[in-house]
Amino acid sequence: MASGKEGNGAATKRTTLHDLYELQGQSPWYDNLCRPVTDLLPYIANGVRGVTSNPTIFQKAISSSNAYDDQFKQLISAGKDAESAYWELVIKDIQDACKLFEPIYDQTDGADGYVSVEVSPRLANDTQGTVEAAKWLHKVVNRPNVYIKIPATAECVPSIREVIANGISVNVTLIFSIARYEAVIDAYLDGLEASGLSDLSRVTSVASFFVSRVDSLIDKMLEKTGTPEALALRGKAAVAQAKLANQLYLKKFSGPRWEALVKKGAKKQRLLWASTSVKNPAYADTLYVDPLIGPDTVSTMPDQALEAFIDHGTVSRTIDANVSEAEGIYSALGKLGINWDEVGTQLELEGVDSFKGSFDSLLTSLQEKGNALKPATL
């Protein structure tokens, strides 16, 4: 079928994204959001099935566009401060995007069609603050297909458990190591078990495992080592670790503990590949999409990766191919002195700092904009 109509009325043209989902069971999501959100309609027509956002995406959207000015002026004249105004702008975008993706959410019985919004990055080390922020965001967005994003920091792993136990669906972000990923799965399972709900089918989650940033850091370490053996492993660490994360996923979502939850309608916490754009121009531009394709997974792609995959991506099941090779790469890197847990910790700190920086700089610019709009007082 070359074309047809989607539920939201946009004409569809068959792309590799449709094949990715229909033939391989992987959901392509778009890692971007800005006004007008109707700009998402062509993406949906092309096969995009969900959207992710983060503080950096909103900083770029709000600071580089005048589409937010009218609402911002109204909020400031109503006496809102910069941070309250920020959340109102974001919540409107998220609600509008949720409406666009609701047909997909309905067609898939809540398996897809999600829009993700992140709690304040200032709360990355605050367990209870994160729980309260997640509950508040969930309540004010008030859409069945919203994912509240919580970082996988040591302090926020218990928050994930509690938020899931409260029946709120979560996108766990900034996962950089297998050890932390296991803690995230356990938090999801613990939360489902603690929820007391007799029907768990509406509480879902994705675990956002970051890819390209892993290579960016490990490649630098390998270049520092400088031996032929080290240099030969450049560009291989991220995909190898991701394949092993998928093996852990298969193991954890099977067996008696999981089967008991399935009886109550529980859905697996899907693995989501994040940070899929290539940072090193020497690498193929689909390096972090093509080798990580498989059922029950999500790949969220920013513009560059999405366009590259639509243009020349290869749709075939790759996630569980060459697993022993991935194990070999993972252990070879360990033997060269790469400490995977330390890599994960460093990348997590960098990720949190980057989001905090974006958040703070946007609030500063909103504050300045707000001050300029306020009438001079006598």
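This is a predicted model: local features need pLDDT of at least 70, side-chain atom pairs count only at pLDDT 80 or more; totals for chains, interfaces and linings use all residues.

Colleague: Which residues of helix 7 are buried?
Modeller: Helix 7 runs over residues 157–165, and its buried residues are Val157, Ser159, Ile160, Val163, Ile164 and Ala165.

Colleague: What covers them?
Modeller: The cover over the buried residues of helix 7 includes helix 6 (127–141) and helix 8 (178–194), along with strand 5 (146–151), strand 6 (170–175) and strand 7 (205–210).

Colleague: And where is glutamate 162?
Modeller: Glutamate 162 is in helix 7 as well. Its relative accessible area is 27%, so glutamate 162 counts as partly exposed.

Colleague: What does glutamate 162 touch?
Modeller: Leaving out residues up to four places away in sequence, glutamate 162 touches Gln128, Val131 and Lys135. As for leucine 261, 99 residues from glutamate 162 along the chain, the two C-alpha atoms are 17 Å apart.

Colleague: Back to positive phi. Which residue has a positive phi of about 60° although it is not a glycine?
Modeller: That is leucine 174. Leucine 174 lies in strand 6.

Colleague: Is leucine 174 buried or exposed?
Modeller: Buried, because its relative accessibility is 2% and the cut-off for buried is under 20%.

Colleague: What about aspartate 109, where does that one sit?
Modeller: Aspartate 109 is in the loop between helix 5 and strand 4 (115–118). Aspartate 109 is not a glycine either, and its phi is positive at about 55°. With a relative accessible area of 46%, aspartate 109 is partly exposed.

Colleague: Change of topic. How many salt bridges does the structure hold?
Modeller: There are 19 salt bridges. Side chains of opposite charge can pair when their charged atoms come close.

Colleague: What does arginine 35 pair with?
Modeller: Arginine 35 forms a salt bridge with aspartate 93, at 2.6 Å from N to O. Arginine 35 is in the loop between strand 3 (26–30) and helix 2 (41–45), while aspartate 93 is in helix 5 (residues 82–107), so the pair ties together parts that are 58 residues apart in sequence.

Colleague: Are those two buried or exposed?
Modeller: Arginine 35 is buried at a relative accessible area of 14%. Aspartate 93 is buried too, at 0% relative accessibility.

Colleague: What joins arginine 35 and proline 36?
Modeller: A cis peptide bond, with omega at about -10°. Proline 36 is found in the loop between strand 3 and helix 2.

Colleague: Which residue does aspartate 69 bridge to?
Modeller: Aspartate 69 bridges to lysine 369, and their closest N and O atoms are 3.0 Å apart. Aspartate 69 is in helix 4 (residues 69–77) and lysine 369 in helix 15 (residues 340–373), so this pair links distant parts of the chain, 300 residues apart. Lysine 369 is partly exposed, at 33% relative accessibility.

Colleague: Which residues are linked in a network of salt bridges?
Modeller: Arg14, Asp19 and Glu22 are. Within that network, the closest N and O atoms of arginine 14 and glutamate 22 are 2.8 Å apart. Arginine 14 has a relative accessible area of 31%, which makes it partly exposed.

Colleague: Which element gives the most to the lining?
Modeller: Helix 3, with three residues. Helix 3 (55–63), strand 6, strand 7, strand 8 (270–274) and helix 15 each supply at least two.

Colleague: How do the lining residues divide?
Modeller: Into twelve polar, six nonpolar and six charged.

Colleague: Last topic, the whole chain. What does the secondary structure come to?
Modeller: The protein chain has 15 helices and nine strands. Its C-alpha atoms fill a box of roughly 70 × 50 × 45 Å along the principal axes.

Colleague: What radius of gyration would a compact globule have?
Modeller: Near 21 Å for 378 residues, and the chain has 21 Å, which agrees. Of the 378 residues, 54% count as buried. Among contacts with a separation of 6 or more, 76% are between residues 24 or more positions apart.

Conventions
Residues are numbered from 1 along each chain as its sequence is written. Side-chain values use heavy atoms; hydrogens and water are left out. A salt bridge is a side-chain nitrogen of Lys or Arg within 4 Å of a carboxyl oxygen of Asp or Glu. Buried means under 20% relative accessible area, exposed over 50%, partly exposed in between (1.4 Å probe, protein chains only). Helices (H or I, at least four residues) and strands (E, at least two) are DSSP runs, numbered from the N terminus. Contact means heavy atoms within 4.5 Å. Ala, Val, Leu, Ile, Met, Phe, Trp, Tyr, Cys and Pro count as nonpolar, Asp, Glu, Lys and Arg as charged, and the others, Gly among them, as polar. The radius of gyration is taken over C-alpha atoms; the globule rule is 2.2 Å times the number of residues to the power 0.38.
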